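Please open the model in your viewer and keep the selection panel handy.

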Protein chains: 2
Amino acid sequence: MSAVLTRPVALDPQVAAEPCAHCDARPHSVCNAIGDPYLARLAAVTQIIEVLPGSTFISEGEPANHFFNVTRGTAKLFKLLPDGRRQITGFATVGHFLGLAVSDTYAFSAEALEPTRFCRFSRHKLRLLLNDFPAMEARLLEAAANELVAAQEQMLLLGRKTARERLASFLVAQYRQSALNGQPRARFPLPMTRGDIADYLGLTIETVSRTLTVLRKEGLIDIPGPGVLVMYDRAALERVAGGLN
Amino acid sequence: MSAVLTRPVALDPQVAAEPCAHCDARPHSVCNAIGDPYLARLAAVTQIIEVLPGSTFISEGEPANHFFNVTRGTAKLFKLLPDGRRQITGFATVGHFLGLAVSDTYAFSAEALEPTRFCRFSRHKLRLLLNDFPAMEARLLEAAANELVAAQEQMLLLGRKTARERLASFLVAQYRQSALNGQPRARFPLPMTRGDIADYLGLTIETVSRTLTVLRKEGLIDIPGPGVLVMYDRAALERVAGGLN
DNA sequence: CGGTCACTTGATCGTCTTCAATACCAGTGG
DNA sequence: CCACTGGTATTGAAGACGATCAAGTGACCG
């Protein structure tokens with residue numbers, strides 16, 4: 001729908017000269033398969049793009065010309081039905097790649113939740129790069145296998161879990177996600193709206209809101225403000241998420 | 001759960017000598033990235049295994065020592081919750097690969113629906129093979145990307161479609177699947193039980209049965225016998241599957 | 001022939017959806 | 001300063017879709 005809103009990215013001079021060598025996201029990313037001596041080769045085919053919240057930078061059905069690698073922020077990936085029903089298939093954070101399609105069109109849309117930065121490659125150039133760096137192809141395969149495992153877990157959630165179990169699963173997963181970067185904290189950010197959570201879990205906004213209220217009244221969590229969650233009893237949430245109770 | 005039931009596979013002598021060179025599944029499989037001159041190398045690390053219907057040959061949570069490539073038959077892949085709720089995440093037919101896990105344990109179980117044959121590789125040996133044949137790694141990546149697209153489509157189904165839309169989607173997908181091998185036919189096999197369909201679509205057996213009855217009474221399909229489906233109005237089913245009506 | 005299994009069909013139930021009202025906050029402009 | 005707006009969230013009441021419970025059929029098989 002909306003065009004990609006690019007914002008001129010003001011990089012400090014050192015980073016501008018060797019963006020990949022100084023990339024914060026490198027340790028989390030498939031790019032780390034490319035050794036330091038060859039980073040210039042990688043940087044040569046990379047465009048750094050930053051988009052504002054709400055910007056749709058991949059649209060389902062459009063020609064899949066690019067491959068993306070998120071280096072900052074969070075994006076939601078989703079599919080739509082003609083009548084507007086929406087399913088969010090995942091949230092892409094730092095290190096996630098997007099657009100690994102075989103088809104010539106994207107199978108999903110992507111919209112930034114926060115100010116989000118990513119590297120963009122033409123798929124053609126990526127292919128040439130992969131031919132020269134099989135290690136990166138191996139890393140991509142590894143990452144795709146992980147995505148596949150996560151997708152199967154989500155199918156279990158969507159097909160067989162109750163609303164309560166879905167919310168517990170989601171919160172535990174968000175906790176784990178936040179722990180990947182910094183220290184694990186009981187208090188962590190929740191950058192998506194109730195609507196996004198609902199569309200991710202196959203529920204309605206109202207059910208998400210009600211269920212969170214219940215979990216709060218049970219003392220398992222708290223929601224001190226928008227976009228923030230505090231997890232009081234992770235063990236109990238893990239049990240609920242796993243279908244016990 | 002149940003052990004792998006292997007049946008001694010009686011291959012004709014020619015095939016036994018060069019199993020990969022004469023493999024029916026090769027055109028559908030990732031192995032086709034390995035050129036004829038090197039097939040002996042592939043065959044050297046391959047075990048051909050045949051299992052009977054009902055045999056569970058991959059169990060969730062067990063050490064992921066092998067990689068599988070289905071060459072005949074159909075298997076269901078599924079995950080379980082502790083209380084027995086089951087979600088089938090996919091059906092693996094000829095050419096599908098299984099066990100591309102990064103984790104050291106399988107993330108799902110696999111059970112044969114029909115007499116099913118597959119090639120089995122140790123993951124260690126597969127890794128060595130892939131290092132020597134980057135083209136096969138590329139094919140694997142391609143296949144994984146396709147699986148990922150299918151998984152996202154299934155999430156849309158499980159999260160947002162009605163029972164009627166789910167059945168229509170499923171039947172259309174089965175039609176397409178059957179058309180991949182032979183000529184597209186209005187009459188095609190449906191090797192899974194109602195229970196399997198239910199666990200794949202996130203429904204109950206009863207809802208699957210009722211919904212099929214409705215589609216039959218509307219003249220869109222017929223079910224002349226067990227395991228056989230006749231599709232009378234594919235266009236209408238495609239519309240229903242897409243959420244129109 | 002009794003047993004099991006897969007499937008169908010009916011009646012009732014319950015979880016989640018839908019519809020609706022209200023509150024809250026940030027931004028905007030009179 | 002405060003009314004107005006649009007977006008987000010919460011909560012209540014009513015409704016619906018699919019689940020659950022239950023009965024019955026037909027096929028296959030020891």
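This is a predicted model: local features need pLDDT of at least 70, side-chain atom pairs count only at pLDDT 80 or more; totals for chains, interfaces and linings use all residues.

Zoom in on strand 2 of chain A. Its antiparallel partner is strand 7 (residues 109-112) of chain A, and the pairing runs over 2 bridges. Which residue of strand 7 of chain A does Thr56(A) stand opposite? Pick Thr56(A) and look across: the residue there is Glu111(A).

**The contact between the chains**

Widen the view to both protein chains. The contact takes 37 residues from chain B and 37 residues from chain A. On the chain B side, the elements giving two or more residues are strand 5 (86-92) and helix 4 (134-160) of chain B. Helix 4 of chain B provides the largest share of that side, with 20 residues. If you colour the side of chain B that touches chain A by class, you will find 20 nonpolar, 10 polar and 7 charged residues.

How are the two copies related? A rotation of 180 degrees, with 0.0 Å of shift along its axis, superposes chain B on chain A with an RMSD of 0.0 Å. This is therefore the relation of a two-fold axis. The same surface serves both copies, as 100% of the contact residues of chain B recur in chain A.

**Around the DNA strands**

Select DNA strand C and the residues around it. There are 17 of them, and those that come nearest are Thr207(A), Thr193(B), Arg194(B), Ser209(B) and Thr213(B). Three helices each supply at least two residues of this surface: helix 7 (205-217) of chain A, and helix 6 (194-201) and helix 7 (205-217) of chain B. Which helix gives the most? Helix 7 of chain B does, with 6 residues. By class, the surface near DNA strand C has 6 nonpolar, 7 polar and 4 charged residues.

Move on to DNA strand D, which is surrounded by 17 residues. The closest are Thr193(A), Arg194(A), Ser209(A), Thr162(B) and Thr207(B). Here the elements giving two or more residues are helix 6 and helix 7 of chain A together with helix 7 of chain B. Helix 7 of chain A gives the most to this surface, with 6 residues. The surface near DNA strand D divides into 6 nonpolar, 7 polar and 4 charged residues.

**Two helices in chain B**

To see the contact, show Ala163(B), Arg164(B) and Leu167(B) from helix 5 of chain B. From helix 7 of chain B, show Thr207(B), Val208(B), Thr211(B), Leu212(B) and Leu215(B). The residues of this contact divide into 5 nonpolar, 2 polar and 1 charged.

**Last stop: a sheet in chain B**

Finally, select the open sheet that 3 strands of chain B form in the order 9-11-10, with antiparallel pairing. Strand 9 (187-189) and strand 10 (221-225) of chain B are its edge strands. The twist from one strand to the next averages 30 degrees. Strand 9 of chain B is joined to strand 11 (residues 228-231) of chain B by 3 bridges, and Pro189(B) stands opposite Val228(B) in strand 11 of chain B. Helix 5 of chain B packs on this sheet, touching strand 9, strand 10 and strand 11 of chain B. Its direction makes about 90 degrees with that of strand 9 of chain B.

Terms used:
Residues are numbered from 1 along each chain as its sequence is written. Chains are lettered from A and ligands numbered from 1 in the order in which they are written. A residue is near a molecule or strand if its C-beta atom, placed from the backbone, lies within 6 Å of it. Helices (H or I, at least four residues) and strands (E, at least two) are DSSP runs, numbered from the N terminus. Ala, Val, Leu, Ile, Met, Phe, Trp, Tyr, Cys and Pro count as nonpolar, Asp, Glu, Lys and Arg as charged, and the others, Gly among them, as polar. Two residues are in contact if their C-beta atoms, placed from the backbone, lie within 7 Å. Two strands pair if DSSP finds at least two bridges between them. Copies are superposed by least squares on the C-alpha atoms of residues with pLDDT of at least 70 in both. Axes are lines fitted to C-alpha atoms, for helices over the stretch in contact, and angles run from 0 to 180 degrees between N-to-C directions.
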